[in-house]
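Hi,

Here is the structure I promised to send over. Please open it first, then read the notes below.

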Amino acid sequence: MHILVINCGSSSLKYQLISMKHETVLAKGLAERIGINDSLLTHSPKGKDKVVVRKDMKDHIEAIQIVLDALVDKEHGVIEDMSQIKAVGHRVVHGGEDFAGSVCINDDVIEALKNNATLAPLHNPANIMGIMACRQIMPDVPMAGTFDTAFHQTMPRESYLYALPYSYYTDYKVRRYGFHGTSHKYVSQRVAELMEKPYDAIKTVTCHLGNGSSITAVDRGRSVDTSMGMTPLEGVPMGTRSGDIDPSIIEFMEREAGMTAQEVLNDLNRKSGVLGISGISSDFRDLADAAETGNERAKLALDIFCYRIRKYIGAYAAAMNGVDCIVFTAGIGENAASVRAAIVSKLSWLGIELDEEKNNTRGREARISTPDSKVQVWVVPTNEELMIARDTLTCITKD
Ligand code: ADP
């Protein structure tokens, strides 16, 4: 049984073909510059060399066709024919309040996705395009949607409601939704397995630290709070996003600097975070290099990032009345040992003791706290595609 996982952006399409028997990735790749000139597909089949196919893709339908051609190609293909693809799992950014789990895609689901598009105007329309393209090319293959927001639908009202006029929520759906849910769910489940504890018996704080970063409190298998909000702008500082700020800053900059609200928001999304503070880069490798050679603002950016994450971990330990485990994942969480060390360095009050030698690891599952540490600290590489494939399998076998 093979499942094709698709993550569609406005001009790109990432895919993985996963064999569910042993949960192995048969091929993965990326179609870029869809609808623009010089489109290309980078296709990596298991056990064979990576290939780059340069071919115009005027829309997502053509892109999916080229992906399917690559998967069945005589030389760099991995399957005999398309009928071996039993289902397609789509990543969808925003499920609003309609979806608390993955679902089989039908007309009603597509309608609900369109209705939620105002909540994620940059992402949902692209996700819908991918779904429609697959429907056209593979009309008989069942499809499921997995939502970045779904895992967080278990949050209680005191976590997801902002202290705003209640009508903002009832009339406009203004509330915390949270994102990266597939990743938080995967690593929190996986760490319970690694700790050999039942998922519904432990309290975990999951730190997804990548280009976008979010922290989640997972209380016995349920997300009870998360740092991203109505949009991914809220929470900890990120590569280029500010994270939490005083909203009055927007009006202040309109008045004092003659900027429009849209311009300030653009800065908050694209020119803030560690890029904004350092003035150097949003990439943590560049920042670490610069900090090492004495660049004060790079060091300050790293200090602010780690400090703000530490505050969230403390807050979530309080929110759950305790914590058994902290998990680091995504590009920074999996790779940056110095960032992990700086974050947990002042959490000894929680009973956390880091094993510096074990923390000196990259990109693999590892327990990085000492055996005596009261709270375990783990690195767990995320695997959103596998989570989507598993959910897709569950959806199609249920129906
Ligand atoms: P995305 O949110 O786009 O999926 P990733 O999870 O791939 O992002 O994370 C990307 C970030 O991970 C990069 O911006 C970079 O800062 C960081 N990163 C990747 N490798 C390393 C490394 N070896 N050391 C420090 N940071 C790293």
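Predicted model: local features only at pLDDT ≥ 70, side-chain atom pairs only at ≥ 80, totals over all residues.

**Overall fold**

Along the principal axes, the C-alpha atoms fill a box of roughly 55 × 55 × 45 Å. The secondary structure comes to 15 helices and 14 strands. Of the 399 residues, 51% count as buried. The protein chain exposes about 18900 Å², and carbon and sulfur atoms supply 49% of that area. Take the contacts with a separation of 6 or more: residues 24 or more positions apart account for 60% of them.

**Ligand site**

Residues around the ligand include Gly-210, Asn-211, Gly-212, Asp-283 and Arg-362. Helix 10 (284-292) and helix 12 (330-335) each supply at least two residues of this shell. The largest share, four residues, comes from helix 12. By class, the shell has four nonpolar, five polar and three charged residues.

A backbone N or O atom of Phe-284 lies 2.7 Å from an oxygen atom of the ligand. A polar backbone atom of Gly-331 is 2.9 Å from a ligand oxygen atom. In the side chain of Arg-285, an N or O atom is 3.5 Å from a nitrogen atom of the ligand. On its own, the ligand has 580 Å² of accessible area, and the protein covers 70% of it.

Best wishes

Definitions and conventions
Residues numbered from 1 in each chain as written. Heavy atoms only, no water. Near = heavy atom within 4 Å. Polar contact = N/O pair within 3.5 Å; in protein donor to acceptor, adjacent residues only side chain to side chain. Areas by Shrake-Rupley, 256 points an atom, 1.4 Å probe, with all protein chains shown as cover. Nonpolar A, V, L, I, M, F, W, Y, C, P; charged D, E, K, R; others polar. Buried < 20%, exposed > 50% of the residue type's maximum accessible area, 1.4 Å probe, protein only. Contact = heavy atoms within 4.5 Å.
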